[in-house]
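Visitor: I would like to go through some of the labels used for this structure. Please set each one against its definition.

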Amino acid sequence: MSFFAGRPRFLGWASTTALEGLRFAGFSLSMDPNWRRMSAEAADRVAVTSSRPCTPPQAIWFEFLLDEGLLEKHLQKSHPADPSPIQLINQFLEQASKPSVNEQNQVQPPTDNKRNRTLKLLALKVAAYLKWDLELLEKSLTVPVLNMLLNELLCISKVPPGVKHVDLDLCSLPPTTTMAILVYNRWAVRTTVQSSFPVKPLKPGPPQLNIMSQMQQEKELTDNILKVLKEQAGDSILVLEKALQLTTDLYVHTMRTLDQIVGESCLENGDTESSTAGLRISMDEMHCQVCYDLGTVFFSQGSLNPPAYEKAKELLFRTNELLSKIGDEPVHCRIDQKRLDGYCQACAVLTDPTDVNEQQLTTYGRVHHCVKSSNYQGLIEIFLNDNVTLSLLPYFRRSVLRELSQMAQNGDGNLEEVCFKVCICNAIRDVLEQQMIGVRFHQIMLKPTKEIIDFLLEACARSLNLDQASEDSKRNMAAFLKNLCQSLDDPQFVFMISSYDMFSKLLKDEERKEIHDQMRKRSPRAKFSAKPLSVFYDIPASPSVSIGQLEHQLILTVDPGRIRQILIELHGMTSDQHFWTVSNKWEVPTVYGGVILGIKDNLTRDLVYILMAKGLHCIMIKDFVHARQLYSTCLELVTEFSPKLRQVMLNEMLLLDISAHKAETGSAGDHPPADLVSRVRGYLETRLTVYPGGKMSSRHSAMLREDIPLRQIITEECVAFMLNWKENEYLTLQIPALLIQNNPFVKLGQLLAATCKELPGPKESRRTAKDLWDIVVQIFCLSNQHKRVNDGRISLIKYRESTLGIMRRSELVTFIKRLSDPMVLTVLISLFVKLHNIVRDDIVNDVTAEYMTIWPTSVPNLQSVDVEAVAVTMREMVNYSLNINSNNHNWLTTQADIYFATNQFSAALHFYLQAGAICSDFFNKCVPSDVYTDMVLKRMIKCCSMLNCHTQVAILCQFLREVDYMTAFKALQEQNSHDAMDSYYEYIWDITILEYLTHIHHKRGETDKRQIAIKAIGQSELNSSNPEEVLQLAAQKRKKKFLQAMAKLYF
């Protein structure tokens, strides 16, 4: 069997065989006598598994050699066969290609005996059962395996040896031989195309030398085969083009015809009964499949050879015609209709549109056809019709507008009218879908003309059929027309819109009257259908009052559309004021300020600044919905004029998506979508510029002026995101080495990921932990500063933070507080606890944590480590981790140890009890021994002792593996106890302690307490003659009640 389930590697002599090309050998059958013994082994295996009737036995490859009819029965089972057909092909060819070893222990190529030929025939039969479906075979078999299988097909189909396929006359060959040649060459060109696509590498498993070696051999073998196929691609294309000239049906081998070949092998011309008795493939079906495969090849060549797109278009459009002619259930043809439609659409765009039938083009194709042929009126018609059908994606429509605008800016003045019409069509589409309207439309409406208003009304009428439109569409259009009237200053244009038939149908009388009243306030001379009233509120407000009201609204609103509208109105009133300074709460990162404030257009500058500032505020208060709206509007705005700001907004939207996902799912939520992970990787690999130690170098400062401004917080969040979602494979194996060297946060993340990945592991895995340890210790080192005093002597002052660390301590703590993965936090807690224990050097009060053994046991320059900073960071680290997950018993125990080491005994008991309660369902189950170790119990005993709770001390002494009678007796001798004393006697199960209590109470003359102790001793379940199980049950019962009572006291 293969070492890798489902994907056996065909190595050794198989590699030589795969590259030989076509192999033509006789197919004489001879049986190896050793297979008799294997039959007995199979019988034994069936006998063993017969006792489990519910699990049908899995057939083994050699059983098919022994029983000729077993393969067909196995493949025709109603339930999924085990092994599957693909697994059988792998197993048959793997066994047939195994090298042999001679008497001199030398490796020889596979022998050409009956066994191996039969195995190859069985593999061909399985492929015939699958109807030679290349789509399925390519997905399931590796290139070397499929190459070997198809070479066997050529061999058994009696393709003339020593002759290139391109030199063969396909018309004169038997049908099955021709079909075998076509299948092989179809696979050759398909594999060539497929190899040009980028493939995501598989995540490697645990490194194993033999497996890695075989994987490397297979990769080299695959590369060699692909090299040969690419060299012969031209011949394969010619063979397939010849196939399109065939006018007869073809046949492909079935299981029956392959069996017949054995008996007909003596015929040399290949024109046998089996050559026309296989599965019939119609001429149209064969042409359809070949056209598709050739079309994809020419399409892939188009980037280097543009005329190839024309050939691809012709072949793919012909494929479409043949596909409709074949019907819904083809015998051999396997074509993805959606993928074919995509190819056809792309060809229509990439080729000369003059020869393209308009009926064959998709909507996208017709748009490109109109742009290339300068048929702009047809383009406007398509956009207006699309406002009803909604077939074009919004971003595609906006890209067409940007392309037309670029052409207009380059000197084509005739396109200005086309641009504003396309812009209006897009705005109407956004209105109907309740999307944000683009900035360009508002810019057009600042100074509209009669022609613009006329086309706007025409577009509204053609885009919305009032008899068929939904209520939502009507409501959106009514709101749009109403807002448009309120934003226009010219009463003539307002009158044009309000007089339009659609306006009167969509808006209510009260809304129309409200618009008229507002316009009268703006322009008292305007004449409207309603008679103006000469009252005081008809007098226009002073400009200063209007500006103040608008600024107040600007501060309060988070609606991007409203922000844009207010700014347009403000800039219409005054042009010499910077409205981004209205609120001192509007702040953008310093690295962005220079770029944003450098925008020349005042309105655009104010809009970009305010949108970003409000978006940052919304993120801070976790209002991600409005933040995303603000950022999307800002991104759309800056895309039109600044690639630099566009990248800035993409980076900020990445940070927004990371923050939103963290807030919505938490640390234990669903794994983030693949798109978000991919964007994070892309940012780390292509956008990250680093300055070590948090200090910006002059080189980096210059880079910020010339390139994209970057915020370090985005880098930190990206690295923390990868750690939190366990992308350790990427951080350890795939991230660029230069990135790790240059950026401290990436380096820290890589070391954390590697350390977590190797836990638990052998001692060799401690190398990564040692590197992480060295980096953190360096951060917490102090630098020595020399200072000369008044008398001339040099004193040594040690107080400054070292500049040799890869980052400052504050940056490290901030980064840690972005992490949420339990394993990462556990590793960091373990590191700081170990460092704390070393620098404190107080073994009695050592703090405990998991994985303490992976760290070094000493620090070379111990005096240079800032002890207080280590202790503070450790406490912050544990507190933060418990905020993330307050049910981690290891973290709770570490927190308890910290309080114990600082003599906060009540708090220490609280956390020791909490750790035990979490692990035992509030002590209803036994607390695991790895949680309440003897050391933990002794610390709990000391806490109780220091709190003068001496009875609790005596009871806890029973919990130890060996009862500490000395401590218990000493505690019970104390008369000044601050606990419940005799009320706790019912929790004592140790007879020796109870007898001692009876003795000291009798000695003191405390009769009542003595009676309580005697009553406790007299309980039948504590009788020493009871079985051990009864005594343990009695002890567990008392442990439970005592710990629950302690929890109520200290929680």
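Guide: Start with accessibility: buried means under 20% relative accessible area, exposed means over 50%, and partly exposed lies in between (1.4 Å probe, protein chains only). This is a predicted model, in which local features need pLDDT of at least 70 and side-chain atom pairs count only at pLDDT 80 or more, while totals for chains, interfaces and linings use all residues. Residues are numbered from 1 along each chain as its sequence is written, and side-chain values use heavy atoms, with hydrogens and water left out.

Visitor: Why is Arg 679 called partly exposed?

Guide: Arg 679 has a relative accessible area of 28%. That value lies between 20% and 50%, so the label is partly exposed.

Visitor: What makes Arg 679 and Asp 657 a salt bridge?

Guide: A salt bridge is a side-chain nitrogen of Lys or Arg within 4 Å of a carboxyl oxygen of Asp or Glu. The closest N and O atoms of Arg 679 and Asp 657 are 2.7 Å apart, so the pair qualifies. Arg 679 lies in helix α32 (residues 674-686) and Asp 657 in helix α31 (residues 643-665), so the pair ties together parts 22 residues apart in sequence. Helices here are DSSP runs (H or I, at least four residues), numbered from the N terminus.

Visitor: Why is Asp 657 called buried?

Guide: Its relative accessible area is 15%. This is under 20%, so Asp 657 counts as buried.

Visitor: How do you know that Lys 757 and Glu 729 form a salt bridge?

Guide: Their closest N and O atoms are 3.5 Å apart, which is within 4 Å. Lys 757 is in helix α37 (residues 744-757) and Glu 729 in helix α35 (residues 728-734), 28 residues apart. Lys 757, at 38% relative accessible area, is partly exposed, whereas Glu 729, at 18%, is buried.

Visitor: What makes Ala 613 buried?

Guide: Its relative accessible area is 5%, under the 20% limit, so Ala 613 is buried. Ala 613 is found in helix α29 (residues 602-620).

Methods: Helices (H or I, at least four residues) and strands (E, at least two) are DSSP runs, numbered from the N terminus.
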